Amino acid sequence: MFSRRWRFGWDRYSEVDLFTDRHETNTESLSQAIRAAVSEEPDADGSVLFGQMQGTVVGLRYYTGVVNQGEMVALVRQPQNPYDRNAVMVANVYGSQVGHIKRELAAAMAHVMDNNLAKVEGVVHSRTKNQFTMPVMLSFWGKEENKDAVIQGLARHGYKLNTDGNKGAGPHTHTHTRTHTLKNAFDNLFEGLMESKEGEKEAAEAVSTPLLPHQKQALSWMCACENKSELPPFWEKRGELYYNRLTCFSAKEVPERVRGGILADDMGLGKTLTTIALILTNFHKGKPLPVEKCVSASEVMCGVMCVCVETSSLSAEDLSARATLIICPLSVLSNWLDQFEQHVRPNVKLNLYLYYGSERNRSKKFLSSQDVVLTTYNVLSADFGNKSPLHGINWLRVVLDEGHVVRNPNTQMSKAVLDLKAQRRWILSGTPIQNSVKDLWVLLAFLRLKPFDVKDWWNRVIQRPVTQGDRVGIQNLQTLVKCITLRRTKTSEVNGRPLVSLPEKVVCVEQVKLTQEEREQYELARTEGRNTIRRYMAEGTVLRNYADVLAILMRLRQLCCHPDLLAKISSDLAAAATPAELRERLIEKLRLVLASGSDEECSVCLDSVRLPVITHCAHVYCRPCIAQVISTEKEMARCPLCRSEIKTNELVEFPPEEMEEEDSANSQNWRSSSKVDALMGNLRRLQFEDRSIKSLVVSQFTRFLTILETPLREHGFSFVRLDGTMSQKKRAQVIQEFQSSAPDSPVIMLLSLKAGGVGLNLTAASHVFLMDPAWNPAAEEQCIDRCHRLGQTKKIFYVVFLQKQDLFEKAFGSKNADKKTSRIDDIKALMEL
DNA sequence: ACCGCCGGGTGCC
DNA sequence: ACCGCCGGGTGCC
């Protein structure tokens, strides 16, 4: 996403980092890339235009739906139609039926549509000449391999597709831009959205922290978004009608305004504070939230008085909603609590309820009477479909914190989020687009940005044009995003002044030299791995053996950290003689992938694997995710990564007793490594300079953190540890300890790279030691940002330990435009094949 | 629908 | 006329 390699001056980034090239292509993981290459989703992006033809819509007089000149229409199969099982219904953008496709043509189209050979889209170009029928331009889109079948299928019914040119494709005649132009436009999608014409707004009295100028701007913008009756993007008034210029749809009623948007400020700019200010400042009719106040302590007894209760004559439905629901990742739950505590005046009685834990109060009456209800995505999706009280409440406002965590529309989490009822909707996210323009859909759907909350319209009007490099499509996307987003970065300037002044950040790459012994061990492992991968290459089975390849590369990375990180080397799956042995090996492999503490990603939900299971083809998924895939695909279920057949009863998980192994890294036969020595050298030097300096020590391998505990203890450092296995309560406790400025407070935090997720506030630290490079540059940035953020007063030192491996440097010298094949090429290059 | 199609009325010019 | 032609009734799927 960012050209951060230049920003940090890391051209010499050279550890055994097969994933380095990700820094060039968005933050995409290897598994995602392979998934994309292996299984094209039946989505808009892979589609090509087969051709177009003129069709007829009949029966207009029976329906109320109207269509304008140039308006897009939806074509919907109606297999249950009592008059014709081939019926194809025609509807306008808002879903009102317009008519039917005439019978003979419907018969031809039904064949194509029912067999999923093509998606058919309609545009009505010429104005209706009569009140009974009208022509419609039909475009057939699908996978290349289905093109002939579609053309022939239509021909059998006497219809001919016009396959030359795109004439008459409507407002989206494709003007292809070069790929890199598209990429730039895409990268800049969220840049330059900081101009705020709204001015500044002071927070309500109940907010105790004075807002910085950019926060007042954000507050002003957010209030305006909630209160204004401005038309949503692409709508204009034409006479008596409201007209959408993208879909050419028009309506008599004012289109529903999106009351909310995306606050996409960089992390550290105070999105949480601004949101708290919004909640307290903008209740109904732009008035502050009517909160009760305690009389200040200096006055008599602490009585409770009611400040302002509105009972005006306004329509009741609008005013009935009171509560704001905030949904966040578990990792930032305590941060929200802290921030409410910190930024709301102590004498203000804000009803905040933490909807979390098994004892949570599920009463709708109780919840809707709160000012704020705070919960996590997991709780929300756990409740969803299970008489969820959260889904039965009409919220005044719903806020999705770190909103980018919902990006795959197929997940329960997304469905749960989209099903919430609210008058106002907000998304907070420092990185709204994680991988591709696809990620935006869930967010727009959540905001109810019509008509794009319907996936087909989104695909048709935005996603496909953008994916295909259509300039108009990109412009439309930019306009769309601009209308609903406010984004400032830490480097943004307003009126020539920086938005916030953060202390300087110094990045330092320390190259660690391996000892002779380490180097030999490394070379051995690499030769071995190379042979294995070479065999897969020769067999053409690299993708099928993906888990193995990943494991090989993982081992190399682990060797650079510490030899004891290596899990036992597993042997060939094919060599397994009995089912029991196969199972044993699969468990071993699963352990290898997960036990290192590195976060493996599930290719179905694109999130960290939860309840991991491994398939017989050795790919790891969340059990619920892969179970869903299998149940959807029935008999035909195939592994999303390699397309091998998979069955529910063949999924292997850790046997229960395995769950808590892991205290093997005991201090009895502890040994050091070059990297450990390098770290300890740094820490001891710091301690000598200034005993109050606090440091974060970050690794993606939790076992490495465990190894590091021994020398830290030996040298008398007081430290805490934060990793993914800890309960929320424990995390909050550890963070509080670390942030404390008490003289005996811990000076070091061992932090697992992904454990904290985002949003952690660790400003007590001024030094960050990254023990191994993250595969995801965003994760690395977040890691620095945990301390380089608002509230940091000290200069930040960021040290990355790398092993010098010249051999591998050249593998990543070239930027490969075609990322799908480049992974394989990279593996090849990496292994010198 | 200022169409097509159906079916009844009708029938040299 | 077992036709053609006329003109009224009618009309999505």
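Of the atoms of DNA strand C that lie within 4 Å of the protein, 44% belong to sugar or phosphate, and the rest belong to bases. This is a predicted model, in which local features need pLDDT of at least 70 and side-chain atom pairs count only at pLDDT 80 or more, while totals for chains, interfaces and linings use all residues. Residues are numbered from 1 along each chain as its sequence is written, chains are lettered from A and ligands numbered from 1 in the order in which they are written, and side-chain values use heavy atoms, with hydrogens and water left out.

Around DNA strand C there are 13 residues, of which Arg 61, Tyr 62, Tyr 63, Asp 84 and His 100 come nearest; a residue is near a strand if one of its heavy atoms lies within 4 Å of it. By class, the residues of this surface divide into six nonpolar, three polar and four charged, where Ala, Val, Leu, Ile, Met, Phe, Trp, Tyr, Cys and Pro count as nonpolar, Asp, Glu, Lys and Arg as charged, and the others, Gly among them, as polar. The side chain of Asp 84, in turn, has an N or O atom 2.6 Å from a sugar or linking oxygen of DNA strand C.

Chain A itself holds 25 helices and 29 strands, taken as DSSP runs numbered from the N terminus (helices H or I, at least four residues; strands E, at least two). Of its 833 residues, 55% count as buried, that is, under 20% relative accessible area with a 1.4 Å probe and protein chains only.

One helix pair can be followed in detail. Helix α14 (residues 455-467) and helix α15 (residues 471-484) pack at an angle of about 115 degrees, with their axes 7 Å apart; axes are lines fitted to C-alpha atoms over the stretch in contact, and angles run from 0 to 180 degrees between N-to-C directions. Trp 458, Ile 462, Pro 465 and Val 466 in α14 meet residues of α15 that include Ile 474, Leu 477 and Leu 480, contact meaning heavy atoms within 4.5 Å.

Ser 699 lies in strand β25 (residues 695-699), and it counts as buried because its relative accessibility is 0%.

Note on methods: Polar contact = N/O pair within 3.5 Å; in protein donor to acceptor, adjacent residues only side chain to side chain. Buried < 20%, exposed > 50% of the residue type's maximum accessible area, 1.4 Å probe, protein only.
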